[in-house]
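Subject: Structure handover

Hello,

Here is the structure I said I would pass on. My notes on it follow below.

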Amino acid sequence: MRVNLLCHAARAIIRALVKLRVIAHGGESEQGEERSGKGSGICHALPASPFFLPESPQLFCLKMSTESLQAVRGMNDILPEEAERWLWFESVVREWLHSYGYRNIRMPLVEPTALFKRAIGEVTDIVEKEMYSFEDALNGDQLTLRPEGTASCVRAVLQHNLLYNAPQRLYYSGQMFRHERPQKGRYRQFHQVGVEALGFAGPDIDAEQILMCARLWKLLGIRDVALQLNTLGDSASRMQHRVKLIAYFEQHTALLDAEATRRLYTNPLRILDSKNPAMQELIAGAPKLMDELDSDAIAHFAAVQQTLTEHGIAFEINPRLVRGLDYYNRTVFEWVTTRLGAQGTICAGGRYDGLIEQIGGKPAPATGFAMGVERLLALLQDDGVDFPRETMDVYVVHQGALAAPFAHQIAEQLRDANLRVVLHCGGGSFKSQMKKADASGANFAVVIGDDEVQANQVTVKPLRGGEQLRVAREALAGMMRA
Ligand code: ATP
Ligand code: MG
């Protein structure tokens, strides 16, 4: 309570000072524009001002503000214990991607809003209600935190002309942002691994991408995921289907819910994706896109299925699989588990031959997919899949004025020999340091007192059984590696 009062008082003083312009405004903003401070807390508005307080105002402000600051709802910290699983996952995924010839690409987290509107489609869940879009207060640009990676990846490929003389197999991983209702397996910041093959037209690459996924599930030890497959045909068939769908639903407008009514003329295909039980009978009787496909699309789809069958990959054809983004055509697929509740799709993708042209490039075919990392990791945990943990080799324990610099040298010498070493920092008795050495998980403690320094030796104490011994400094690394 008292701290709160103090905090309020400090804020009031700071506000008054800012108003009186006692604190000089620091930092030039982009293009020489003035910082508006719009949307920023008082801490952001405070420049470093050495005459105001003996310590920096930012630090002062932080100390005074005792309201507990929490991560944004739906955006999670990944703490060290859990991060180990992420690191293992990422290393398996990287090896797997490289084994198929995919190369890494890294795009910014923020893109012009227009990119996603154009690529994903104005009448989609993502663009209509899930995007973190904002105006850059410094220059008025309309920006969006990326809700998915395909649009950014294609933008980067076009901007840097990567398709100039060869098709590209690319992958990326990282945070995506969607303003959804947070629940298990659904977050506002989540992570995807995205895989895109640009410039490939045939069904071979579609099939290979699905085979890739199946291999990854094996590598990770994931069981019980089912493959759902569909084809969305090409734009002419989709137009024909659209006309028929609208006509069909127009005959039954009384049975449409609000969402479907809204989508009737903008995105009728998405009505087929409705989860509303009251509309299922109506949807079941709707005209099928399959009936409109042309022979090329049929042959493409058949070839994908054939390769999958040849490789023993089971799949189910789900004519209602339409995907939530506008850019897909022909092959679409989802890998689904029943074990994550409603958030059962762990990986989804398909062909998107029109997208490159749609965002300003020369027409080129493409296909890709994205995996939800949180959902995959949840599944792994659910399955009890274990993973190799990071271990330390050595914990260096030391006491005495001569021992401290010697310990630093020993630690560096061991790291030169590619060993993982924790140097005890912060003093304390030998006994308490040894407790920390034990808890570190290291295999050895290297113990250094002033007498060891004088003899140019160290004491090595195996922490997982074995006799302790004195070792000459030069022989240490060799002994540890043996
Ligand atoms: P959903 O139907 O679950 O909303 P989506 O079709 O919107 O998924 P995509 O855009 O295809 O999802 O993204 C690919 C994958 O990314 C999904 O299959 C899922 O595993 C993951 N994903 C999507 N949205 C989220 C989210 N909000 N939180 C966690 N993972 C997500
Ligand atoms: Mg979604």
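Two residues are taken to be in contact if their C-beta atoms, placed from the backbone, lie within 7 Å. On that basis, Pro203, Asp206, Ala207 and Ile210 of helix H8 meet His300, Ala303, Val304, Thr307 and Leu308 of helix H12. By type, the residues of this contact between H8 and H12 are 6 nonpolar, 2 polar and 1 charged. Please keep in mind throughout that the model is predicted.

The helix pair

H8 covers residues 203-220 and H12 covers residues 295-310. Their axes come within 9 Å and cross at roughly 40°, so the two helices are oblique to each other. The crossing of H8 past H12 is right-handed.

The chain overall

The protein chain has 18 helices and 16 strands. It is 482 residues long, and 30% of these count as buried. Taking contacts between residues at least 6 apart in sequence, 68% join residues at least 24 apart.

The sheet of 8 strands

This is an open sheet with mixed pairing, in the order S1-S5-S6-S11-S10-S9-S7-S8. Strand S1 (103-104) and strand S8 (316-317) are at the edges; each has a single partner strand, so one side of each is left without a neighbour in the sheet. Within the sheet, strand S6 (residues 189-198) pairs with strand S11 (residues 366-372) in the antiparallel sense, over 7 bridges. In this pair, Leu198 is opposite Ala366 of S11.

Helix H7 (residues 150-159) lies across strand S5 (168-177), S6 and S11, at about 45° to S6.

Val154

One residue of helix H7 that I looked at separately is Val154. Is Val154 buried or exposed? The cut-off for buried is 20 or more other C-beta atoms within 10 Å; Val154 has 28 such neighbours and therefore counts as buried. Apart from neighbours within four places in sequence, Val154 is in contact with Ala119, Leu355, Ile356 and Ile359. Leu355 is 201 residues away from Val154 along the chain, yet their C-alpha atoms are separated by 8.1 Å.

The sheet of 5 strands

The other sheet to report is open as well, with 5 strands in the order S13-S12-S14-S15-S16 and mixed pairing. The edges are strand S13 (421-423) and strand S16 (469-472); each has a single partner strand, so one side of each is without a neighbour in the sheet. Ignoring direction, neighbouring strands here are turned by 30° against each other on average.

Strand S15 (residues 457-462) and S16 run antiparallel and are joined by 4 bridges. Val458 stands opposite Val471 in S16.

Helix H15 (residues 403-416) lies across strand S12 (394-398), S13, strand S14 (444-448) and S15, and runs at about 165° to S12. Helix H16 (residues 430-440) packs on the sheet too, where it touches S12, S13 and S14; its direction makes about 175° with that of S12.

Regards

Definitions and conventions. Residues numbered from 1 in each chain as written. Chains lettered and ligands numbered in written order. Predicted model: local features only at pLDDT ≥ 70, side-chain atom pairs only at ≥ 80, totals over all residues. Buried ≥ 20, exposed ≤ 12 C-beta atoms within 10 Å, placed from the backbone. Axes fitted to C-alpha atoms, helices over the stretch in contact; angles between N-to-C directions. Parallel < 35°, antiparallel > 145°, perpendicular 65-115°, else oblique. Left-handed = near helix turned anticlockwise from the far one by under 90°. Nonpolar A, V, L, I, M, F, W, Y, C, P; charged D, E, K, R; others polar. Pairing = 2+ DSSP bridges.
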